[in-house]
Amino acid sequence: MITALPPETVRSIRSTFTIPDVSSVVIALLENSIDACATRIQVQVDLAQRFVEVKDDGCGIAGSEFSKLGKRFMTSKHGQIQSEPGRKMLGYRGEALASMSVIGIVEVKSRHKGMTFRCLTRNEQQIFCESCNTSSLDVYATTVRISSLFAQFPVRQALLSESAKKTTEKIKQMLQTRLLAYPEIALQFIADSTGSQSFTYAKAQSLNRRAAQIYGPMVAQLLDTISLDYGSYSLYGSISREPVQGRIQHIFIDSRPCTALELIGIVRSTLMTESYSALGRSESAAQLPKTPAFVLNISCKSCTSYTPNVDDQVGWQRSWDLSSS
């Protein structure tokens, strides 16, 4: 059920929250789909036509909730920690759709218990809300389309046109990174009318199989699975048995990408023992340097988030089995 956040919560998170760019729009919609327990998602980005669209087969939105869509600080996630067992909620602020309606026209269609509704929102105001043809959603329960991107901001619109190819590539890479944390989700990415940057990934039964989809089987064959419990948090994922070319180093905290250089440095230092580093050395100076490849997810057992701690390096070095390296 979509409800207003309590006043004290609004005061604590109130900010000038905005959607800064198109990639942020896509990721926010992707997170909504994941929180709706989707197992199949389609993302379409056409910056020449200035729209993005995300479809999912999640739980859908009840018709009685549509009048609340697009209003700031309205969310169905308040008080919920998990969307389903083992999957923590990604969103909670209730600001994403409202912010998107400032930079474009937000259209939402959703099917729930046999009923389908559609609404249109612009500048945080609903233009209309109506019931519609259920068959228009096909296999997907919910479609969110943001059109006329930056139509009210000519300078931003011009910059978007100039950087369309670069922005689309950035979105592609961000989606691929996010999918590493959710191998059980199938995703299709449709990029502009040419489809030159498009991809389709079926559901994967393991992180290593998802890595094979994204980076190829040669990299995936070098990955070993790791799963350890450290009391207040657990750590699981994949680590390469030897250094590889390219930079495949991803850390997630409760399935959210972590960009903390300190934490990435701890993992690199833990792995780069003398014997491990020797495996990546090449007699040819022309070859690109090799580095550890790892995809790790730190899952916290309480509501608090994990904080990088250099002391963890000692514990990790003791418990990670690098003898095969």
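Five strands of this protein form an open sheet in the order E13-E14-E19-E16-E17, and their pairing is mixed. At its edges lie E13 and strand E17 (256–258), each of which pairs on one side only. From one strand to the next, the twist averages 20°. The model examined here is a predicted one.

Within this sheet, strand E13 (residues 223–229) and strand E14 (residues 233–240) pair in the antiparallel sense, with seven bridges between them. Aspartate 224 stands opposite isoleucine 239 in E14, while aspartate 229 stands opposite serine 234 in E14. The hairpin of E13 and E14 has three residues between the strands, and there glycine 231 takes a positive phi near 90°.

A second open sheet may now be considered. Eight strands form it in the order E9-E8-E7-E10-E3-E2-E11-E12, and here too the pairing is mixed. Strand E9 (125–131) and strand E12 (199–201) are the edge strands, each pairing on one side only. The twist of this sheet averages 10° from one strand to the next. Strand E2 (residues 40–46) and strand E11 (residues 186–191) run parallel and are joined by six bridges. In this pair, glutamine 44 stands opposite isoleucine 190 in E11.

Another helix, H3 (residues 96–103), lies across strand E7 (105–112), strand E8 (115–122) and E10. H3 runs at about 140° to E7.

Is H2 mostly covered or mostly uncovered? H2 is mostly covered, with 12 of its 14 residues buried. Among the buried residues are Val22, Val25, Val26, Ile27, Leu29 and Leu30, and the list also includes Ser23, Glu31 and Asp35. In an α-helix there are 3.6 residues a turn, so residues three or four places apart point the same way. Just after H2, cysteine 37 takes a positive phi of about 65°.

What is isoleucine 41 in contact with, leaving aside its neighbours within four places in sequence? The residues in contact with isoleucine 41 include Leu30, Ser33 and Ile34, together with Val54, Lys55 and Asp56. Tyr140, Ile185, Ala186, Leu187 and Gln188 are likewise in contact with isoleucine 41.

Most residues other than glycine have a negative phi, and most peptide bonds are trans. Glutamate 124, although not a glycine, has a positive phi of about 65°. Glutamate 124 lies in the loop between E8 and E9. Why does glutamate 124 count as partly exposed? Glutamate 124 counts as partly exposed because its relative accessibility is 28%, and the partly exposed class lies between the buried limit of under 20% and the exposed limit of over 50%. Serine 148 also is not a glycine, yet has a positive phi of about 50°. Serine 148 lies in the loop between E10 and helix H4 (154–162). At 29% relative accessibility, serine 148 counts as partly exposed.

Finally, the protein may be viewed as a whole. Its secondary structure comes to 10 helices and 19 strands. Of the 325 residues in the protein, 47% are buried. Among the contacts with a separation of 6 or more, 67% are accounted for by residues 24 or more positions apart. The protein exposes about 16100 Å², of which carbon and sulfur atoms supply 53%.

How values were computed. Residues numbered from 1 in each chain as written. Predicted model: local features only at pLDDT ≥ 70, side-chain atom pairs only at ≥ 80, totals over all residues. Heavy atoms only, no water. Helix = DSSP H or I, 4+ residues; strand = E, 2+ residues; numbered from the N terminus. Buried < 20%, exposed > 50% of the residue type's maximum accessible area, 1.4 Å probe, protein only. Contact = heavy atoms within 4.5 Å. Areas by Shrake-Rupley, 256 points an atom, 1.4 Å probe, with all protein chains shown as cover. Pairing = 2+ DSSP bridges. Axes fitted to C-alpha atoms, helices over the stretch in contact; angles between N-to-C directions.
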